[in-house]
Amino acid sequence: MRAKLARALFIALLLPVTALAAEIIIVSGDPPGVGFNDPTPAAPIGGNPGTTVGEQARNVFQAAAEQWGARLQSKQPILVISFFVPLTPCTPTSGVLGAAGAEWYFSDIPPAKGGKALAAGTWYPAALAEKITRQDIVADPDDPFEIFSVFNSNLGIGTCLTGNGWYYGLDHNEPANRIDLLAVVLHEFGHGLGFSVGPTNSSTGVRAGTPPLPSIWESFMLDMSTQKRWLDMTNAERAASARNNWNLVWAGQHGSNVVPSVLDFRTEVRAVNPALGVNEAQSAQFGSSLQNGVASLVVAPNDGGGTQLGCTPFPANSGAAGKIVLMNRGTCTFTTKVFNAQAAGAVAAIVANNVPEGFPTMAGVDTRIVIPSVGITQALGTALRGGLPNTYVELQRNPKIRAGTNANYPRLYAPSAFAQGSSVSHWDVTGTPNLLMEPFINTDLTGSVKNPDDLTWNLFNDLGW
Ligand SMILES: [Zn+2]
């Protein structure tokens, strides 16, 4: 039902957060010298006055607790056990930053005085069940926690995201080689508070318990292909829905109603020649927006390195001037590619994915870049190349459809290749701007958990928060 972690004995109460709508109490599970107790001297940074790494970490967690606490209403304290431990996998280019979840799930708990009933025969994460029923249901003195959370202590060490340590500032203004710990803690606490399909196995669709019960989350998961909620599906149907890319959505009233105030209009490539109609795409996080659209012939010249990756400057006779340059994903950063296209005179750039599913998420910062650019699917890239030298496209914003939605419902992450730990219990990566509860960290997160910056708190309203 839940990952049970080996517990260190060095549990110390930290950071009581009071005078807030919900009291979130962080409990450190770290031994001396590690994580919250790391004595390494550190210079205050980004509004964090701590003078050791451990103190700065504690300040970050307190900020996350205060931010969630201020948004949520509960009479019951929420205890969060937190550890810094080595997490795997972690390679030089990608790694697990953290993990969290409800420590307990409850069903059919009768309400205490002033409380309300839970939906019958339904699993609720502990903090939410206690909020609704107005009582401390977690009665185990050895495990009194509502939420467990772990964070990667190896970040930036050895071959684990080499050179990319945690950023302990509180201002979400991390430099390029740091990862915003506050955003990651906010994200992981989000899972612990209830942003998760919970004890239902997200890969097999099998429910927990005897008899098996659905989680409250399933009530709001709608598959657009079958028009069935997870609540009403068989195990096999849930397993298929978990892999139904772009077609699994959140159909809760609150989470869906605020979509227009949070998500931008979606980016599209209208292929005039070859006549492939309108194709969903994803705008880059740098360069200019596509407010007015760009239309032009497409070229796919070799760069100075003889590839169509755009990683080295294009030669003078590339033919890119005044055109839209099509490049392939890979080898170098998106900003390098688009800057090289701009330097060759391109009016816009397109980067085709190098894997079959989804778009390149065109992240990066380069203030020199002024042209718009978009990421497209591998299949569309191949089709556009097939029409050269007469390929003609229009890059545009759809004036009605929001990025990352299906029939106005926000998409949940459900890639066709199931991703353990990521599928189903996150927003899809096509949301623009990026959302806190996407499976991968993005540099443009503001730290806000509610509309107009984010959908997470609104989804929580659907659950009963
Ligand atoms: Zn997550």
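## Cysteine burial

Cys160 is buried, its relative accessible area being 5%. Cys90 is also buried, at 17%. Cys332, with 22%, counts as partly exposed, because buried requires a value under 20%. These values come from a predicted model.

## Disulfides

There are two disulfides in the structure. In one of them, Cys90 is bonded to Cys160 with an S to S distance of 2.0 Å. This pair links distant parts of the chain, 70 residues apart. Cys90 sits in the loop between strand E3 (78-85) and strand E4 (98-102), and Cys160 in the loop between strand E7 (147-152) and strand E8 (165-167). The torsion about the S-S bond of Cys90 and Cys160 is about 80°, so this disulfide is right-handed.

Cys311 and Cys332 form a disulfide with sulfur atoms 2.0 Å apart. Cys311 lies in the loop between strand E15 (294-299) and strand E16 (324-328), whereas Cys332 lies in the loop between E16 and helix H7 (334-343), 21 residues away. The link of Cys311 and Cys332 is left-handed, with -85° about the S-S bond. Counting bonded cysteines along the chain, the pattern is 1-2, 3-4.

## Overall fold

The chain contains nine helices and 21 strands. Its radius of gyration is 23 Å, which agrees with the value near 23 Å for a compact globule of 465 residues. Along the principal axes, the C-alpha atoms fill a box of roughly 75 × 55 × 35 Å. Among contacts with a separation of 6 or more, 66% involve residues 24 or more positions apart.

## Surface and charge

Of the 465 residues, 56% count as buried. The chain exposes about 18700 Å², of which carbon and sulfur atoms supply 56%. There are 28 positive and 34 negative charges, and their mean positions are 7 Å apart.

Conventions. Residues are numbered from 1 along each chain as its sequence is written. This is a predicted model: local features need pLDDT of at least 70, side-chain atom pairs count only at pLDDT 80 or more; totals for chains, interfaces and linings use all residues. Side-chain values use heavy atoms; hydrogens and water are left out. Helices (H or I, at least four residues) and strands (E, at least two) are DSSP runs, numbered from the N terminus. The radius of gyration is taken over C-alpha atoms; the globule rule is 2.2 Å times the number of residues to the power 0.38. Buried means under 20% relative accessible area, exposed over 50%, partly exposed in between (1.4 Å probe, protein chains only). Contact means heavy atoms within 4.5 Å. Accessible areas come from the Shrake-Rupley method with a 1.4 Å probe; for residues, only the protein chains shown count as cover. Lys and Arg count as positive and Asp and Glu as negative; His and the chain ends are not counted. The place of a charge is taken as NZ of Lys, CZ of Arg, CG of Asp or CD of Glu. A disulfide is a pair of cysteine sulfur atoms within 2.5 Å.
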